[in-house]
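Take a look at it, try each task, and then follow the solution.

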Amino acid sequence: RGPVLFKAIQLSAVCSSARNRGGVQRVEGKLRASVEKGDYYEAHQMYRTLFFRYMSQGKHAEARELMYNGALLFFSYNQQNSAADLSMLVLEVLEKSEAKVEDEILECLAKMFSLMDQNSPERVAFVSRALKWSTGGSGKLGHPKLHQLLAVTLWKEQNYSESRYHFLHSSDGEGCAQMLVEYSASRGFRSEVDMFVAQAVLQFLCLKNKNSASVVFTTYTEKHPSIEKGPPFVQPLLNFIWFLLLAVDGGKLTVFTVLCEQYQPSLKRDPMYNEYLDRIGQLFFGVPPKQSPSYGGLLGNLLNSLMGSGEEDDGVEEAQEDSSPIELD
């Protein structure tokens, strides 16, 4: 009797699920018809009414599916405000239902982001809230996979600086390098080809992402049309970065110190390089932190947000994770 009863319960659950799905499909059909007729306001209000009804009944999956499909429908009719509103309701379901972070959900969020007006304040609010949800609302920087999906979208839009920020907080060193090659070729001077990758490597290292730092350097130097095959490279700064990555693996302070001294002419090309290297010295070579930063004001704030200002590693990581997108440009 036990197995028979279990099968009956299973079948009942499947039928119930199918009925719910059928109900959602019927409702979606009516809403779609309203949108196709141009009754955008009426359809939008009906979506909101159904959202709150489903949420009050604990039907989180149905609410999320209905809002997501509704957002895509409004986007297809260029109804940006209604679409953005339903996109935010998708996030509300995820937050209130304490949904687990899954690749499929992250891809849905990235899809809605990609369809939003690039200059709208709603897009900024959406991405901020999505990143917060993706790390459990802990105030950390956001799930690496979501950062990667956002970075690729922004890259396609040729918004290279924002794309670069998100790549830095992903684990996709290869994608970051390919974007930087395009960024350098389309917006940079030929004399700066080495600086694009140097900054990325140093910032990856400041974020303790040694693997991505190495991958971004190797991929960029192999794929950039203006960089002759190396190492050694024609550009001294590229040789410095190559040696630095080797030194980080070795962890010997004397090697790091001599390296920084020998390449000072190249490192003076950007005043930030030595600041990044101070932090890298602390993270990988046991150098004690400076008592007071050499920069104050805006530059000092940028450094503190990117690299943390705490004495211990845990504090540093938290400070890094709390930094905002703007401060990494």
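Let's begin with Gln235, which counts as buried because its relative accessibility is 15% (buried means under 20% relative accessible area, exposed over 50%, partly exposed in between, with a 1.4 Å probe and protein chains only). A word on the ground rules: this is a predicted model, where local features need pLDDT of at least 70, side-chain atom pairs count only at pLDDT 80 or more, and totals for chains, interfaces and linings use all residues. Residues are numbered from 1 along each chain as its sequence is written, and side-chain values use heavy atoms, leaving out hydrogens and water.

**Exercise 1.** Work out where Gln235 is found and what it touches, not counting residues up to four places away in sequence.

*Solution.* Step one: go to the loop between H11 and H12, where Gln235 is found (helices are DSSP runs of H or I with at least four residues, strands are E runs of at least two, and numbering starts at the N terminus). Step two: look for contacts, meaning heavy atoms within 4.5 Å. Leaving out residues up to four places away in sequence, Gln235 touches Val193, Asp194, Ser226 and Ile227.

**Exercise 2.** Find the cis peptide bonds at Pro231 and Pro232.

*Solution.* Step one: Gly230 and Pro231 are joined by a cis peptide bond, with omega about -5°. Step two: move on to the bond from Pro231 to Pro232, which is cis with omega near -5°.

**Exercise 3.** Glu98 has a positive phi although it is not a glycine; is Glu98 buried or exposed?

*Solution.* Step one: find Glu98 in the loop between helix H4 (80-96) and helix H5 (103-115). Step two: its phi is about 50°. Step three: Glu98 counts as exposed, because its relative accessibility is 69%.

**Exercise 4.** Which residues touch the most other members of the largest nonpolar core?

*Solution.* Step one: a nonpolar core is a set of buried Ala, Val, Leu, Ile, Met, Phe, Trp, Tyr and Cys residues joined through side-chain atoms within 4.5 Å. Step two: the largest one has 48 residues, and Val201, Tyr220, Phe240, Leu244, Leu277 and Ile280 touch the most other members. Step three: H10 gives the most to this core, namely 11 residues.
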